[in-house]
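Please walk me through the structure below, starting with how its parts are arranged and ending with how its chains meet.

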Amino acid sequence: MKSPLHIAKQQDLDALGIEAAGKNTARDGLVSVLGEMSRSTRALSVMLDTCTKCGNCAEQCHSYLGTRDPHNVPAARADLMRRVYKRHFTLAGKSLGRFVGASACDDETIERWLTYFYQCNECRRCAVFCPFGIDTAEITIAARHILSRLGIVPKFMQGVAANLQNTGNNMGIGKPALIDCVEFIEEEMKEETGLDIKIPVDQPCSDILYVPSSADFFTNVDTMIGAAKIFHVLGANWTISSSALEAANFGLLFNLSIMRQHGQRLREAAAAVGASLVVHGECGHGWRAALMCTESASTPVPYRLQHVLDYACENLSRLPLSKLPLRVTLHDPCNYARAGGIVEQPREVLRACVEEFVEMTPNRRENFCCGGGSGLLMDEMMDIRLKLGQKKAEQVKAVGPLDYLAIPCSICKAQMPHVLKHNGMQALEMGGVLDLVGKALNLGGTKA
Amino acid sequence: MSVDSVETVHLELDEDGFLCDPQTWNEQAVEALARLEDIDELTDGHWKVIHFLRDYHRQFGIAPMVRKLCKETGFTLQEIYTMFPSGPAKGACKLAGLPKPTGCV
C-alpha cells in the first residue's frame with residue numbers, strides 16, 4: 001500500500017536546516033546514512049544482526065493486530081532495514097545476497113519505509129516480548145531519521161518543527177499569547193478557588209523550571225491547572241519559560257539533530273532561570289527524550305530532572321487531597337511504562353485522588369499503545385490511527401463502567417477521543433492525572 | 001425564493017483543506033468552506049465564533065485556548081462541535097481562515 005501521508009515541501013525542510021544525505025540519488029543517501037548510523041549506534045547494528053524470525057512479536061504488536069497487514073509484524077518492519085543493512089554492510093549479505101535475506105535498496109524500499117515506519121508507534125511493546133530484546137522503536141527512529149535526511153518528512157512533523165524553531169513550542173505560542181493564556185488560566189483558578197494561584201513566566205532565580213506540553217495551553221488546560229495548584233500548595237519557587245514551553249520533542253520522532261536542538265533549548269532555559277530542578281509535564285515521548293537522550297546528546301545536564309508525576313508522588317503526603325467519587329482507570333503511556341520509569345507513581349497519585357482506581361488488562365509495561373504514539377496524529381492517517389487504536393479500545397471497554405480514563409500524555413489526549421468515539425465510548429470523560437489532582441486538592445480558599 | 005445563479009468561488013486550499021493564503025479569506029470563502037465541512041447553514045453563532053477567532057489570531061498570532069473560545073463566545077464545547085462538526089481546532093479555525101493548529105491536538 002502507498003502511505004497517505006502528506007509530505008513536506010523541500011523549501012520548508014530547508015528552513016529547518018536538516019542536513020541532506022547523498023550527492024547522487026536517494027538510494028545512495030539511504031545506504032550512506034544507514035552505514036553512518038549502524039557504525040555509530042551499536043544497539044542498532046546488534047538489533048539488525050540478531051533477529052531469528054521466531055514470530056513472537058507478531059501477536060504482541062497492536063499495529064499488526066489492528067491492521068493485519070503482514071508488513072506491520074515488527075520483525076517484518078525491521079526487515080525493511082535489515083535486508084539493506086545486510087546487503088551493504090555484512091560479509092554474508094555482500095557475498096550471498098538474497099540467500100541470506102539481503103537485497104539492495106531500490107525506489108520501492110524507500111516507499112515501503114515511508115509507509116511502514118510511519119505505522120509503527122515506537123511503543124516498544126515488541127521489545128518486551130522479544131527473546132533477544134530487539135527494540136523495533138530504535139529501528140523505526142533510525143529509519144525516520146534517515147528518511148528525513150533524504151528530504152522525506154511528513155508535513156505534520158515539519159509544521160511542528162517549524163513552530164518549535166520559531167517559538168520554542170509545537171503550537172507556535174509566542175510570549176504575548178502565552179501571557180494572555182496564563183492570565184486566563186489564573187482567572188479561572190481564582191473563580192474556582194477564590195485564591196491567587198500564579199503561573200510565573202520567565203521568573204529569574206527560580207528553583208524549579210516546569211516544562212509543560214504546549215497543548216496544555218490549547219486543549220488540556222486542566223492539566224496545567226493541576227500542576228500550578230501542586231506548586232502553589234507546596235510553596236514551590238517555580239516558573240515556566242516562554243522560550244522552552246514544550247515537554248514534547250518531536251525530533252525523536254523524525255530527525256535526531258532537531259531532537260538535540262530541543263534538548264539544548266531546555267538546558268538553556270533552565271540556566272536562564274537558574275533552576276536546579278527541571279520538572280517535565282505530561283508528555284510521553286518528550287520524557288523519554290529528556291531522560292534517555294539528553295545526556296549523550298548535549299553532555300550531562302547541571303540540574304536534576306524529574307517527571308511531574310514522580311514529583312507529585314514524592315510530595316503526596318504534603319498534598320491535602322480529598323478523594324473524588326469517581327471510578328478511574330489508567331492508560332500507561334508507552335514511554336512512561338516501557339522507557340521512562342513512570343509506572344507506580346501515577347497509580348499512587350490516582351489512589352489518593354479518587355475513590356475507586358481500577359487497572360485495565362494488560363497494564364504497566366505490557367500495556368497497549370493508544371495508536372497515536374510517535375506523533376501519528378495526522379488527519380490523513382485517521383483510518384490507520386483508528387486501526388492502531390483498536391487494541392486500546394478493547395482494553396478500555398473490558399474495564400466496564402468508568403467515570404474517567406486517565407491518559408497522562410498529550411499525544412494520547414489527542415488520539416484517544418477519536419478511538420473511543422469510533423468504538424461507541426464518546427461519553428467517557430478523559431484527561432490527565434494532574435487534572436484530577438487539581439480537582440482533588442483542598443487549597444483552603446474561600447470557594448474550596 | 002428562487003436562485004437564478006450560483007456564484008462560483010475559486011479557493012486555493014492546502015492538503016488539509018485550509019486556505020493556502022489567509023489573505024484570500026472573505027465571507028464568500030466561509031460559505032464555500034462551510035459546504036466542505038458539511039455545515040448546511042451559517043448562523044449568527046457560527047459568525048460569532050469565526051469573528052472571535054479572527055480577532056484573537058490578529059492580536060496574538062495563534063488560535064485561542066478552546067476554553068477561552070467557549071467562555072468568550074458563551075458557547076459550550078458541545079455547542080461548538082454541533083456548529084462545527086470537526087471541532088474548534090479544525091472546522092472553526094478552517095472557516096475563520098486561520099492556519100491549522102498543530103502539535104498534539
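**Domains and chains**

The C-alpha centres of domain 1 and domain 2 of chain A are 34 Å apart. The bounds come from an automatic or database domain assignment, which gives domain 1 as 19–152, domain 2 as 168–314 and domain 3 as 321–440 in chain A. Five residues of domain 1 of chain A and six residues of domain 2 of chain A make the contact, where two residues are in contact if their C-beta atoms, placed from the backbone, lie within 7 Å. On the side of domain 1 of chain A that touches domain 2 of chain A, one residue is nonpolar, two are polar and two are charged. Here Ala, Val, Leu, Ile, Met, Phe, Trp, Tyr, Cys and Pro count as nonpolar, Asp, Glu, Lys and Arg as charged, and the others, Gly among them, as polar.

This is a predicted model, in which local features need pLDDT of at least 70 and side-chain atom pairs count only at pLDDT 80 or more, while totals for chains, interfaces and linings use all residues. Residues are numbered from 1 along each chain as its sequence is written, and chains are lettered from A and ligands numbered from 1 in the order in which they are written.

Chain A as a whole has 22 helices and eight strands. Both kinds of element are DSSP runs numbered from the N terminus: helices are H or I with at least four residues, strands E with at least two. The C-alpha atoms of chain A fill a box of roughly 80 × 45 × 35 Å along the principal axes. Its radius of gyration is 22 Å, which agrees with the value near 22 Å for a compact globule of 448 residues. That radius is taken over C-alpha atoms, and the globule rule is 2.2 Å times the number of residues to the power 0.38. Of the 448 residues in chain A, 54% count as buried. A residue is buried if 20 or more other C-beta atoms lie within 10 Å of its own, exposed if 12 or fewer, and partly exposed in between, with C-beta atoms placed from the backbone. Among the contacts in chain A with a separation of 6 or more, 80% are between residues 24 or more positions apart.

**Two sheets in chain A**

One open sheet of chain A has four strands in the order S2-S1-S3-S4, with parallel pairing. Two strands pair if DSSP finds at least two bridges between them. Strands S2 (238–239) and S4 (304–307) of chain A are at the edges with a single partner strand each, so one side of each has no neighbour in the sheet. Four bridges link S3 (residues 277–280) of chain A to S4(A) in the parallel sense, and A:Val279 has A:Gln306 in S4(A) as its bridge partner. Helix H14 (residues 256–273) of chain A packs on this sheet and touches S1 (208–211), S2 and S3 of chain A; the direction of H14 makes about 145° with that of S1(A). For such angles, axes are lines fitted to C-alpha atoms, for helices over the stretch in contact, and the range is 0 to 180 degrees between N-to-C directions.

A second open sheet of chain A also has four strands, ordered S6-S5-S7-S8 with parallel pairing. From one strand to the next, the twist averages 30°. Strand S5 (residues 324–330) of chain A runs parallel to S6(A) and is joined to S6(A) by four bridges; A:Arg327 stands opposite A:Glu356 in S6(A).

**One buried residue**

Where does A:Leu178 lie? A:Leu178 belongs to helix H11 (residues 175–193) of chain A. It counts as buried because 24 C-beta neighbours lie inside 10 Å. Beyond its neighbours within four places in sequence, A:Leu178 is in contact with A:Ile173, A:Val201, A:Phe217, A:Ser242 and A:Leu245.

Chain B has five helices and zero strands. Its radius of gyration is 14 Å, close to the 13 Å that the globule rule gives for 105 residues, so chain B is as compact as a globular protein of that length. The C-alpha trace of chain B spans about 40 × 30 × 25 Å along its principal axes. Buried residues are 30% of the 105 in chain B.

Between the chains, 14 residues of chain B are in contact with 30 residues of chain A. Helix H3 (residues 66–73) of chain B gives the most to the side of chain B that touches chain A, with three residues. That side of chain B divides into seven nonpolar, three polar and four charged residues.
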